[in-house]
Amino acid sequence: MSDLRGMRILSEKGRHLQNPGGNAGESVTKLRDLICIHDGPSSLMEAHDPLSAMVAERAGFKGLWASGLSISSSLGYRGANEASWSELANVVERMAYAARIPILVDGDSGFGNFNNARLVADRLRKRGASGICIEDKAFPKIDSFIGDHPPLADIKEFCGRLKAVKDTVPDPDFVLVARIEALITGHGQGEALARANAYAEAGADAILIHSRKSDPTEVLVFARSWQNRLPVVTVPTNFRTPIAEYRAAGISTVIWANYNLRAAIAAMCDICNRMIREEGTAGIEPDIAPLVEFLN
Ligand code: SPV
Ligand code: MG
């Protein structure tokens with residue numbers, strides 16, 4: 001049977017899907033604390049809707065990653081900027097309303113040039129986000145794990161996007177994470193470090209370094225060379241590494257980028273298959289959340 005503790009707590013606390021307590025305000029500082037001060041690594045758990053946000057919060061996660069890929073998938077889009085920024089903002093607002101822990105939003109490449117990036121960041125903040133991550137690719141982006149690598153954004157142009165976000169979002173605690181795709185695109189450590197330096201100068205609060213390899217070596221090498229000039233965030237989507245290794249390399253934050261969505265897909269597939277096979281629901285009833293628990 002699946003673990004339904006999260007769902008039970010929702011009802012025990014009388015928590016409603018629409019939580020007027022919301023996320024805006026107090027939680028902004030908490031994301032900065034998680035990413036920038038914590039002696040880490042902190043964990044940000046993926047959520048793609050209010051329900052997954054609440055489940056993650058109730059399980060004990062201190063912060064959320066509003067994953068572009070997961071939100072796109074749950075809305076029926078591919079991870080290729082098919083969802084508009086306003087569709088993303090609608091989901092983020094509902095998540096922020098449902099959970100009190102802070103949300104770092106995956107802003108893809110910023111939905112355009114510097115002007116789009118600043119507008120999206122500001123609107124997301126107004127709708128409950130505590131920070132945004134933007135990556136040094138062009139718009140429209142394609143997911144880093146799909147197909148060939150598109151060219152990296154020009155460093156100066158990408159710095160313009162970062163500066164525009166910093167200049168526009170009035171809250172100094174709103175966290176701007178600059179995501180570097182140099183390793184994913186095979187440009188190597190030198191390019192990644194040059195970009196990290198430029199993005200720090202442009203005002204980023206943290207650097208997200210990503211890898212497509214099946215082990216974390218290049219991420220750990222980057223983190224050790226970078227020496228925490230800004231906090232380093234990483235996304236172990238392709239590798240299973242003990243947290244202690246990230247800690248030893250000085251990594252501040254680990255993003256579990258798609259685990260809630262993948263868990264939900266697996267559970268839904270299992271239940272659908274069993275209902276067809278078993279021609280009834282008696283067998284599955286003990287394994288799913290009781291109706292009353294998510295109505296409360
Ligand atoms: C996402 O969750 O959309 C991400 C992280 O960007 S990853 O899929 O690992 O690139
Ligand atoms: Mg993404």
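# Around ligand 1

Reader: What's the volume of the second largest pocket here?
Author: About 260 Å³, as the space filled by probe spheres set on grid points that join across faces, edges and corners. A pocket is an open set of points on a 1 Å grid over the protein atoms alone, with protein on both sides within 12 Å along at least five of seven lines.

Reader: And which residues are closest to its centre?
Author: Ser67, Leu69, Asp106, Asp143 and Arg179, out of 21 lining residues (those with an atom within 4 Å of a point). This is a predicted model, where local features need pLDDT of at least 70 and side-chain atom pairs 80 or more, while totals for chains, interfaces and linings use all residues. Residues count from 1 along each chain as written, chains are lettered from A and ligands numbered from 1 in written order, and side-chain values use heavy atoms, without hydrogens or water.

Reader: Where does ligand 1 sit?
Author: In that second largest pocket: more than half of a molecule's atoms must lie within 2 Å of the grid points to count.

Reader: Which residues are around ligand 1?
Author: Among them are Trp65, Phe145, His210, Val235, Thr237 and Ala257, each with a heavy atom within 4 Å of the ligand. By class, the shell has five nonpolar, four polar and three charged residues.

Reader: Which polar contacts does it make?
Author: Those are pairs of N or O atoms within 3.5 Å. The side chain of Ser67 has an N or O atom 2.6 Å from a ligand oxygen, and Arg179 does likewise at 2.7 Å. With Gly68 a backbone N or O atom is involved, 3.3 Å from an oxygen of ligand 1.

Reader: How much of the ligand does the protein cover?
Author: 99% of the 290 Å² of accessible area that ligand 1 has on its own, by the Shrake-Rupley method with a 1.4 Å probe.

Reader: New topic: how many cavities are there?
Author: Three of 30 Å³ or more, a cavity being a set of points where a 1.4 Å probe fits but cannot get out.

How values were computed
A polar contact is a pair of N or O atoms within 3.5 Å; within protein, one must be able to donate a hydrogen and the other to accept it, and residues adjacent in sequence count only if both atoms are side-chain atoms. Ala, Val, Leu, Ile, Met, Phe, Trp, Tyr, Cys and Pro count as nonpolar, Asp, Glu, Lys and Arg as charged, and the others, Gly among them, as polar.
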